[in-house]
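Subject: Structure handover and notes

Dear colleague,

Here is the structure I said I would pass on to you, together with its sequence.

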Amino acid sequence: MSLSTKVAVIGAGHAGIEAALASARLGVDTVLFTMSFEAIANLPCNPSIGGTAKGHLVYEIDALGGEMGRAADLVTLQSRTLNTGKGAAVQSKRIQADRKQYQALMKQTLERTLNLRLVQSEIVALDTEVGEDGRRCVRALRTRLGEVWTCECAVVATGTYLESAIFTGDVVYEAGPDNFLPAKGLSASLREAGVRLVRFKTGTPARVKRSTIDFSCLEEQPGEEAPLPYSADHGEEMFAQFTHLPCHIVYTNAETHRIIRENITRSALYSGKIHGTGPRYCPSIEDKLVRFADKERHQLFVEPMGRDTEEMYIQGFSTSLPTDVQLRMLRSLDGFANAEIMRYAYAIEYDCADPLQMDASLEFKDVGGLFGAGQFNGTSGYEEAAAQGLVAGINAARRVKGLSPVLLPRSGSYIGTLIDDLVTKGTNEPYRMMTSRSEYRLLLRQDNAEERLTPLGYEIGLVSEERYARFLQKKAAVEAEKERLEHTYLSPAEANGFLESVGETPLKSGASLGDILRRPAVTYEALAEIDPNRPKLPRAVSATVGIDIKYAGYANRQLSEVARRRHLEEKLLPADIDYASIRGLRLEAAQKLSAIRPRTVGQASRISGVSPADVTVLLIYLGLK
């Protein structure tokens, strides 16, 4: 039987959901394939959304018109802002999510979206044909049941399912996350189409029965009482009456470490069974003990999986040790002497693509109409996956419509940074977004995600007129308050009492409220004491006002750097350029440039092995061309 669609999305995890919703909302006929409806929007590892740099991604997804932030708000069990003791650039929102509610909500959203069909079927093969230009193009997908779906574009968002295998001690078997079926056959078909695949690994800790934990021995970690939502579609009053579920902290101890060390050769990670590369920044507990042998204890977080379940997640305790060892090391923790494991921990190995084969639109360079997103592209994390899915879905829909792709610069978003890192530098391990990966992080804060990306989301067609009007009102309110602060002056007599009370040097002459706010010990909230005419503003507005004014000098320096490098980012490299023939270009640089084929000189400058001297040679060559 032959069926057809315009855009086919393979996999209904976080990347696939955003890709399918974006494509369908842009008016393109879209089909989302999943091996099981029960696996839609699964949170197979941590029951949380956000975190350091990841919270930034969720805000950016929402600003562009994506879905993750909206859904996360509606299933929040607890919300916290991380890194509050540090600067505004690295502060990130993180929520505990009700796992099953999140899945149900996302499935319902998919089912009710126009232009989108949800189909439970496994894709086992990709059909391509060679066009007149010699480039392969996607033509159809084949299902396990023998159906053939013709399509113009396909987005591969298979997560950790491709030829996946589960490892627990000596036990190894083919399975996807949470014992769902693995995806078989598609890897071979992708290789036949010319896609290079690599093998990565990740893992997850055991789930423990809540009623068997003695919480009196644990340190409670409360959430924020009235947090701001992720989504601009939700008002600040959303969490006014919010009752959060607490998380808790526990630590490993000498006995825990003894048990792990005595059994470490039984770990699949150290017995030689696992060959895939694991995530550096989320290691298993046995890996932590080897890499940080001097540490006497490791912090673990005990987190709820939902309001209506007994399952608790032990963050930081992932392992591939056998089940008997898992139980012994768990019960060595304070408060866990009688703990019962409901789901055992495991490691999982899976196939994914080398992202150097893609351009910044996330389309494969050598296979027209084929896009990759999420862990299939070598990343880790729900937020990284959703961000890529959104971009892939937008660009697949635009390709169908004959429009140019949307390419996000790294200077404008963490999403742009993420994608640029992947397609320019590649990755030899599961890639995780961190604030340190961006040289422009002071410009890319959570609070200004709307300002940076909502105009683009509106232009693309994913942000509604109503929401865009609200954004313009917020932007005007921010600018008006900044203007008022910069032009409201106080005398020393009016300001010095306050300044002395916060430990700041008194004024010798008049100063604006803006100048006073730029003092290190002064916050926008505290400034209210000497600012009686302050208007009542939403917290989202006042937060941006305070940060914009306080960090204006630093931000302006970063903006100058963006402007300085703009000519490199705008200088296009011809697609057919022969790097080997360019005189003065080092052999390593020519080889790297030929393999990656960067779109711009700016992108070329970020490739490992391309030196500033090589960039100068390229600029001279282009000038003479």
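Predicted model: local features only at pLDDT ≥ 70, side-chain atom pairs only at ≥ 80, totals over all residues.

Helix contacts

The axes of helix H11, which spans residues 449-460, and helix H12, which spans residues 465-486, come within 10 Å and cross at roughly 150°. Because angles over 145 degrees count as roughly antiparallel, H11 is described as roughly antiparallel to H12, and the crossing of these two helices is left-handed. On the H11 side the contact is made by Glu450, Glu451, Thr454, Pro455 and Tyr458, and on the H12 side by Glu465, Tyr468, Phe471 and Lys474.

The residues of the contact of H9 with H10 divide into six nonpolar, one polar and one charged.

Aromatic pairs

With ring centres within 6.5 Å taken as the criterion for a pair, the count comes to six aromatic pairs. One of them is formed by Phe364 and Phe376, a tilted pair with 6.4 Å from centre to centre and 55° between the planes. This pair links distant parts of the chain, twelve residues apart, with Phe364 in the loop between strand E21 (346-353) and strand E22 (367-368), and Phe376 in the loop between strand E23 (370-372) and helix H9 (382-401). Both Phe364 and Phe376 are buried.

Tyr551 and Tyr554 also form a tilted aromatic pair, with 6.4 Å centre to centre and 50° between the planes. Tyr551 counts as partly exposed because its relative accessibility is 23%, and Tyr554 counts as partly exposed at 49%. There is also one aromatic cluster, formed by Tyr458, Tyr468 and Phe471; these residues were named above in the contact of H11 with H12.

Phe498 and its neighbours

Phe498 lies in helix H13, residues 492-501, and is buried, with a relative accessible area of 3%. Leaving aside residues up to four places away in sequence, Phe498 touches Ile516, Val522, Ala526, Leu527, Glu529 and Ile530. For Glu529, the separation from Phe498 is 31 residues in sequence and 7.5 Å in space, C-alpha to C-alpha.

Backbone angles

Two residues may be worth a look in your viewer. Asn115, in the loop between helix H4 (99-111) and strand E7 (116-120), has a phi near 70°, a positive value in a residue other than glycine, and is partly exposed, with a relative accessible area of 37%. Arg597, found in the loop between helix H17 (587-596) and helix H18 (601-605), has a positive phi of about 50° although it is not a glycine, and at 32% relative accessibility Arg597 counts as partly exposed.

How values were computed:
Residues numbered from 1 in each chain as written. Heavy atoms only, no water. Axes fitted to C-alpha atoms, helices over the stretch in contact; angles between N-to-C directions. Helix = DSSP H or I, 4+ residues; strand = E, 2+ residues; numbered from the N terminus. Parallel < 35°, antiparallel > 145°, perpendicular 65-115°, else oblique. Left-handed = near helix turned anticlockwise from the far one by under 90°. Contact = heavy atoms within 4.5 Å. Phe/Tyr/Trp six-rings, centres within 6.5 Å; stacked < 30°, edge-to-face > 60°. Buried < 20%, exposed > 50% of the residue type's maximum accessible area, 1.4 Å probe, protein only. Nonpolar A, V, L, I, M, F, W, Y, C, P; charged D, E, K, R; others polar.
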